[in-house]
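Here are my notes for you on this chain. Have the sequence and the model open while you read, and go through the points in order.

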Amino acid sequence: MRVAMIGAGYVGLVSGACFAEFGVDVCVVDTEASKVEALRDGRIPIYEPGLDKLVEENVRDGRLSFTTALEEAMEGADAVFLAVGTPSRRGDGHADLSYVFAAAEQVARAARGPLVLVTKSTVPVGTGRRIKAVLDEVRPGHEIVVASNPEFLREGSAIADFMRPDRVVIGAEDDRAFQVLRRLYRPLYLIETPIVQTGIETAELIKYAANAFLAVKITFINQMADLCERAGANVHDVARGMGLDGRIGRKFLHAGPGYGGSCFPKDTLALARTAQELGAPVTIVEQTIAANDARKEQMAERVVAALGGSVAGKTVAVLGLTFKPETDDMRDAPSLVVVPRLAAAGATIRAFDPQPAHAKQLLPANTVFAEGALEAAEGADAVVLLTEWNEFRALSPKRLQAAMKGDVVLDLRNAWDPEAFRECGLNYSSIGRP
């Protein structure tokens, strides 16, 4: 089989490389010539563990290629995947679908025979219908069928998520689309991966509903952590007691500074706006959005309070800047709120992240970037853990205490052992734990 993947961003690149690993002939097309050139040279534009090796092996074996020419990518393709960006639209929060419709129009013009056009990008319910209307307008009598195949890739573990998914969702109204997509995912039958076949609108909504539910779950445990602090309870134990209930599950019950990343913020907002327009508002999601935005502001306030009500003239070491470990993604990361707030209040920020490239472009210009955690903590009045990279989990409290000038440690990811830090004389605090 052969597929064309439109978009060499996170979803397109990971999906294309993984399909190639399945034995499919994949051509990834992108309009950005410099990105295509870099990929041909083996330079990966994003950080995702294992992706560089996967791309290298499949390019070498001739199953994966890159181009800027859509016609070249589509030559002989059984399916064309749309994996272009759908960022939040300025002003109203709806998903910006301009790239999706532009790509669909180009596919209609370039098609030379029957094919399946598959939406891999996260799009609001109803987008598949609108794509079909674009195809009908641009090329009446075409032989292109539309399908939805939403992605469920977690940054930092995307390859494993693709190769061993919880489920594969296929939305279509044509048997040809189901047949082509089931053939593409045939390797997953060996591990008995559930294949969920639905209509297009249902598949589109499954993606948004899943992300919104997880965002609600994160926000719920964050608010429970605040309640635990007031009540003298331990949020870790509360989360464990809840999570052992099979109806609830243990995942996404880890209190922290709020969710970020490429999916949850924009998808919850898009779902809320779509639901409002359709006259069926999902108020729990609307409240989740507001609570998560406020959460990040509250984290900055915690740091100020821990330093006696003012950070003016103080040095704050911030460990971890990306929205989660094992990624370089800074989109809606808590650090984008916490660091500027502290800097504006007069603090000197010394920061370290294992993947700092994007952070250096987005944080205040006077942020000092260190080469390691202990270097960031050197002479600091306070150390704040914002992202729980593995290398921070094993950080020695004694060495940290020796490097610092002050004694304030704020563990905003509940990743450290409180007693180990307190035994060293550090003024340790976390979220929702005594």
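**Notes on the chain**

1. Let's start with the overall build: the chain has 18 helices and 14 strands. Helices (H or I, at least four residues) and strands (E, at least two) are DSSP runs, numbered from the N terminus. The radius of gyration is 23 Å, close to the 22 Å that the globule rule gives for 434 residues, so the chain is as compact as a globular protein of that length. That radius is taken over C-alpha atoms, and the rule is 2.2 Å times the number of residues to the power 0.38.

2. A word on what you're looking at: this is a predicted model, where local features need pLDDT of at least 70 and side-chain atom pairs count only at pLDDT 80 or more, while totals for chains, interfaces and linings use all residues. Residues are numbered from 1 along each chain as its sequence is written, and side-chain values use heavy atoms, with hydrogens and water left out.

3. How much of the chain is tucked away? Of the 434 residues, 53% count as buried. Buried means under 20% relative accessible area, exposed over 50%, and partly exposed in between (1.4 Å probe, protein chains only).

4. Now find Arg 295, which sits in helix H12 (residues 283–306). Its relative accessibility is 3%, so Arg 295 counts as buried. The Arg 295 side chain reaches the backbone oxygen of Asn 222 at 3.4 Å. Leaving aside residues up to four places away in sequence, Arg 295 touches Asn 222, Ala 225, Asp 226, Gly 256, Pro 257, Gly 258 and Ile 431; contact here means heavy atoms within 4.5 Å.

5. Next, Ala 376, in helix H15 (residues 373–377). Ala 376 is buried because its relative accessible area is 0%. Not counting residues up to four places away in sequence, its contacts include Ala 317, Leu 319 and Phe 352. Ala 376 and Ile 44 are 332 residues apart in sequence, and 28 Å apart in space, C-alpha to C-alpha.

6. Two loop residues deserve a look. Asp 332 has a positive phi of about 55° although it is not a glycine, and it lies in the loop between strand E9 (315–319) and helix H13 (335–344). With 42% relative accessibility, Asp 332 counts as partly exposed.

7. Asn 414 isn't a glycine either, yet has a positive phi of about 50°. You'll find Asn 414 in the loop between strand E13 (408–411) and helix H18 (418–422). Is Asn 414 buried or exposed? Asn 414 is buried, because its relative accessible area is 5%.

Key
A polar contact is a pair of N or O atoms within 3.5 Å; within protein, one must be able to donate a hydrogen and the other to accept it, and residues adjacent in sequence count only if both atoms are side-chain atoms.
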